[in-house]
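Me: Hello! I am new to this structure and would like to walk through it with you, one question at a time.

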Amino acid sequence: MKFDKTAQQRFTDLYKRYYKLMYHVAFEVLHNRVTTEDVVHTSCVRVLEHFSQVSAIDSPQTRNFVAIITKRIALTECSRMKREVPADVPTELENFDDPHETPVVAVERRDAQTALLMEIRRLGAEDQDILMLKYDNKFTVVQIAQTLNMDAQVVKKRLQRIRARLKSALEEKGYDTI
(Lines give C-alpha, C1' and ligand atoms only; values in the text may rest on other atoms or scores of the structure.)
Protein backbone atom coordinates (compact mmCIF):
# COMPACT_ATOMS: atom_id res chain seq x y z
CA MET A 1 0.00 0.00 0.00
CA LYS A 2 1.62 3.25 -1.14
CA PHE A 3 0.67 6.69 0.09
CA ASP A 4 1.61 10.07 -1.20
CA LYS A 5 3.07 12.72 1.11
CA THR A 6 -0.38 14.18 1.85
CA ALA A 7 -1.81 10.82 2.91
CA GLN A 8 1.27 10.12 5.02
CA GLN A 9 0.85 13.46 6.76
CA ARG A 10 -2.87 12.82 7.33
CA PHE A 11 -2.12 9.45 8.90
CA THR A 12 0.58 10.99 11.09
CA ASP A 13 -1.94 13.63 12.19
CA LEU A 14 -4.49 10.91 12.95
CA TYR A 15 -1.93 8.97 14.99
CA LYS A 16 -0.91 12.03 16.99
CA ARG A 17 -4.54 13.04 17.53
CA TYR A 18 -5.85 9.65 18.68
CA TYR A 19 -2.87 7.86 20.26
CA LYS A 20 -3.95 8.68 23.82
CA LEU A 21 -7.53 7.62 23.08
CA MET A 22 -6.36 4.29 21.64
CA TYR A 23 -4.08 3.71 24.61
CA HIS A 24 -6.86 4.52 27.07
CA VAL A 25 -9.41 2.25 25.36
CA ALA A 26 -6.96 -0.67 25.18
CA PHE A 27 -5.66 -0.23 28.73
CA GLU A 28 -9.21 -0.22 30.14
CA VAL A 29 -9.67 -3.71 28.71
CA LEU A 30 -6.20 -5.18 29.27
CA HIS A 31 -4.71 -3.45 32.33
CA ASN A 32 -1.26 -4.27 30.99
CA ARG A 33 1.01 -1.60 29.54
CA VAL A 34 3.06 -3.81 27.22
CA THR A 35 0.04 -5.55 25.71
CA THR A 36 -1.75 -2.21 25.46
CA GLU A 37 1.13 -0.81 23.37
CA ASP A 38 0.91 -3.85 21.07
CA VAL A 39 -2.83 -3.36 20.67
CA VAL A 40 -2.40 0.35 19.90
CA HIS A 41 0.09 -0.43 17.14
CA THR A 42 -2.07 -3.23 15.73
CA SER A 43 -4.98 -0.79 15.76
CA CYS A 44 -2.93 1.73 13.81
CA VAL A 45 -2.22 -0.89 11.16
CA ARG A 46 -5.93 -1.77 10.98
CA VAL A 47 -6.89 1.93 10.68
CA LEU A 48 -4.28 2.30 7.96
CA GLU A 49 -5.85 -0.59 6.05
CA HIS A 50 -9.18 1.27 6.10
CA PHE A 51 -7.74 4.77 5.84
CA SER A 52 -9.72 5.52 2.70
CA GLN A 53 -12.88 5.54 4.86
CA VAL A 54 -11.54 8.41 6.98
CA SER A 55 -12.83 11.67 5.59
CA ALA A 56 -11.86 14.13 8.32
CA ILE A 57 -9.24 13.50 10.98
CA ASP A 58 -10.88 15.60 13.68
CA SER A 59 -14.45 14.32 13.57
CA PRO A 60 -16.67 12.27 15.87
CA GLN A 61 -16.96 9.57 13.21
CA THR A 62 -13.18 9.16 12.98
CA ARG A 63 -12.81 9.24 16.77
CA ASN A 64 -15.36 6.47 17.18
CA PHE A 65 -14.00 4.51 14.24
CA VAL A 66 -10.56 4.48 15.89
CA ALA A 67 -12.02 3.70 19.34
CA ILE A 68 -14.13 0.81 18.06
CA ILE A 69 -11.24 -0.76 16.16
CA THR A 70 -8.99 -0.45 19.22
CA LYS A 71 -11.63 -1.88 21.55
CA ARG A 72 -12.29 -4.88 19.31
CA ILE A 73 -8.59 -5.65 18.97
CA ALA A 74 -8.10 -5.30 22.74
CA LEU A 75 -11.02 -7.66 23.44
CA THR A 76 -9.65 -10.15 20.93
CA GLU A 77 -6.24 -9.96 22.57
CA CYS A 78 -7.82 -10.40 25.99
CA SER A 79 -9.62 -13.52 24.79
CA ARG A 80 -6.45 -14.81 23.23
CA MET A 81 -4.67 -14.44 26.54
CA LYS A 82 -7.58 -16.35 28.14
CA ARG A 83 -8.17 -13.62 30.66
CA GLU A 84 -11.52 -12.33 31.72
CA VAL A 85 -12.43 -8.79 30.83
CA PRO A 86 -12.46 -6.86 34.13
CA ALA A 87 -15.94 -5.92 35.28
CA ASP A 88 -16.77 -2.29 35.82
CA VAL A 89 -18.64 -3.09 39.00
CA PRO A 90 -18.99 0.15 40.91
CA THR A 91 -17.95 0.15 44.56
CA GLU A 92 -19.56 3.35 45.72
CA LEU A 93 -23.07 4.68 45.60
CA GLU A 94 -23.39 7.52 43.15
CA ASN A 95 -25.93 10.34 43.40
CA PHE A 96 -26.66 9.54 47.03
CA ASP A 97 -27.08 13.24 47.66
CA ASP A 98 -30.76 13.08 46.67
CA PRO A 99 -32.59 13.84 49.93
CA HIS A 100 -35.67 11.92 48.78
CA GLU A 101 -33.75 8.74 48.05
CA THR A 102 -33.40 6.35 50.94
CA PRO A 103 -30.35 4.11 51.27
CA VAL A 104 -32.47 1.11 50.29
CA VAL A 105 -33.67 2.82 47.11
CA ALA A 106 -30.09 3.90 46.31
CA VAL A 107 -28.82 0.33 46.69
CA GLU A 108 -31.67 -1.06 44.57
CA ARG A 109 -30.97 1.52 41.86
CA ARG A 110 -27.28 0.66 41.96
CA ASP A 111 -28.05 -3.07 41.71
CA ALA A 112 -30.22 -2.41 38.67
CA GLN A 113 -27.43 -0.37 37.04
CA THR A 114 -24.93 -3.17 37.68
CA ALA A 115 -27.36 -5.74 36.23
CA LEU A 116 -27.80 -3.56 33.14
CA LEU A 117 -24.02 -3.29 32.68
CA MET A 118 -23.69 -7.06 32.93
CA GLU A 119 -26.41 -7.56 30.30
CA ILE A 120 -24.75 -5.03 27.99
CA ARG A 121 -21.48 -7.00 28.30
CA ARG A 122 -23.31 -10.11 27.12
CA LEU A 123 -24.25 -8.38 23.85
CA GLY A 124 -22.12 -8.82 20.76
CA ALA A 125 -19.39 -6.30 20.01
CA GLU A 126 -21.36 -4.63 17.22
CA ASP A 127 -24.45 -4.20 19.44
CA GLN A 128 -22.25 -2.72 22.17
CA ASP A 129 -20.76 -0.34 19.62
CA ILE A 130 -24.22 0.78 18.52
CA LEU A 131 -25.21 1.45 22.13
CA MET A 132 -21.96 3.31 22.82
CA LEU A 133 -22.41 5.54 19.79
CA LYS A 134 -26.08 6.19 20.62
CA TYR A 135 -25.90 6.82 24.36
CA ASP A 136 -22.29 7.70 25.20
CA ASN A 137 -21.60 9.79 22.11
CA LYS A 138 -25.17 10.99 21.48
CA PHE A 139 -25.07 9.99 17.81
CA THR A 140 -28.21 9.96 15.71
CA VAL A 141 -29.24 6.78 13.91
CA VAL A 142 -27.94 8.26 10.64
CA GLN A 143 -24.55 9.09 12.19
CA ILE A 144 -24.26 5.59 13.65
CA ALA A 145 -25.10 4.11 10.26
CA GLN A 146 -22.42 6.22 8.57
CA THR A 147 -19.81 5.37 11.19
CA LEU A 148 -20.45 1.62 11.04
CA ASN A 149 -21.17 1.50 7.28
CA MET A 150 -24.70 0.22 7.82
CA ASP A 151 -28.12 1.22 6.54
CA ALA A 152 -29.96 3.63 8.87
CA GLN A 153 -33.03 1.39 8.97
CA VAL A 154 -30.88 -1.55 10.04
CA VAL A 155 -29.39 0.51 12.87
CA LYS A 156 -32.84 1.67 13.96
CA LYS A 157 -34.16 -1.90 14.04
CA ARG A 158 -31.06 -3.17 15.85
CA LEU A 159 -31.50 -0.48 18.51
CA GLN A 160 -35.12 -1.55 19.02
CA ARG A 161 -34.10 -5.19 19.36
CA ILE A 162 -31.23 -4.41 21.71
CA ARG A 163 -33.48 -2.34 23.97
CA ALA A 164 -36.12 -5.09 23.99
CA ARG A 165 -33.51 -7.74 24.80
CA LEU A 166 -32.09 -5.67 27.67
CA LYS A 167 -35.56 -4.87 29.03
CA SER A 168 -36.56 -8.54 28.92
CA ALA A 169 -33.36 -9.66 30.65
CA LEU A 170 -33.81 -7.13 33.45
CA GLU A 171 -37.46 -8.03 33.93
CA GLU A 172 -36.50 -11.72 34.17
CA LYS A 173 -34.17 -10.79 37.02
CA GLY A 174 -37.00 -8.95 38.80
CA TYR A 175 -36.06 -5.35 38.02
CA ASP A 176 -38.76 -2.84 37.15
CA THR A 177 -38.30 -1.24 33.73
CA ILE A 178 -39.89 1.76 32.16
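This is a predicted model: local features need pLDDT of at least 70, side-chain atom pairs count only at pLDDT 80 or more; totals for chains, interfaces and linings use all residues.

Me: Among contacts with a separation of 6 or more, what part comes from residues 24 or more positions apart?
Reply: Here a contact means heavy atoms within 4.5 Å. Taking the contacts in the protein chain with a separation of 6 or more, the part that joins residues 24 or more positions apart is 64%.

Me: Are α2 and α3 parallel or oblique?
Reply: Helix α2 covers residues 33–49 and helix α3 covers residues 60–80; their axes come within 9 Å and cross at roughly 130 degrees. Because of that angle, the word for α2 relative to α3 is oblique.

Me: Are α5 and α6 parallel or oblique to each other?
Reply: The axes of α5 (residues 125–136) and α6 (residues 141–148) come within 10 Å and cross at roughly 135 degrees. The crossing of α5 and α6 is right-handed. As for their orientation, α5 and α6 are therefore oblique.

Me: How many residues of each class does the contact of α5 with α6 have?
Reply: From α5 come Ile130, Leu133 and Lys134, while α6 brings Ile144, Thr147 and Leu148. Sorted by class, the contact of α5 with α6 has four nonpolar, one polar and one charged.

Me: Is α5 roughly parallel or roughly perpendicular to α7?
Reply: The axes of α5 and α7 are 10 Å apart, and the two helices pack at an angle of about 100 degrees. Angles of 65 to 115 degrees share one label, so α5 is, relative to α7, roughly perpendicular.

Me: How do the residues of the contact of α5 with α7 divide?
Reply: In α5, the residues involved are Glu126, Asp127, Ile130, Leu131, Lys134 and Tyr135. They meet Val155, Arg158, Leu159, Ile162, Arg163, Arg165 and Leu166 in α7. The residues of the contact of α5 with α7 come to seven nonpolar, no polar and six charged.

Me: Is His31 buried or partly exposed?
Reply: His31 lies in the loop between α1 (5–30) and α2. Its phi is positive, about 55 degrees, although His31 is not a glycine. With a relative accessible area of 48%, His31 is partly exposed.

Me: Is Asn149 buried or exposed?
Reply: You can find Asn149 in the loop between α6 and α7 (152–172). Asn149 is a residue other than glycine with a positive phi, near 55 degrees. Because its relative accessibility is 56%, Asn149 counts as exposed.

Me: How far apart in space are Arg109 and Tyr175?
Reply: Arg109 is placed in helix α4 (residues 103–122), and it is partly exposed with a relative accessible area of 23%. In sequence, Arg109 and Tyr175 are 66 residues apart. In space, their C-alpha to C-alpha distance is 9.4 Å.

Me: Is Cys78 buried or exposed, and how many disulfides does the structure hold?
Reply: Cys78 counts as buried because its relative accessibility is 0%. Cys44, at 10% relative accessibility, counts as buried too. The number of disulfides in the structure is zero.

Note on methods:
Residues are numbered from 1 along each chain as its sequence is written. Side-chain values use heavy atoms; hydrogens and water are left out. Axes are lines fitted to C-alpha atoms, for helices over the stretch in contact, and angles run from 0 to 180 degrees between N-to-C directions. Helices (H or I, at least four residues) and strands (E, at least two) are DSSP runs, numbered from the N terminus. Angles under 35 degrees count as roughly parallel, over 145 as roughly antiparallel, 65 to 115 as roughly perpendicular and the rest as oblique. A disulfide is a pair of cysteine sulfur atoms within 2.5 Å. Buried means under 20% relative accessible area, exposed over 50%, partly exposed in between (1.4 Å probe, protein chains only). A crossing is left-handed if the near helix is turned anticlockwise from the far one by less than a right angle, and right-handed if clockwise. Ala, Val, Leu, Ile, Met, Phe, Trp, Tyr, Cys and Pro count as nonpolar, Asp, Glu, Lys and Arg as charged, and the others, Gly among them, as polar.
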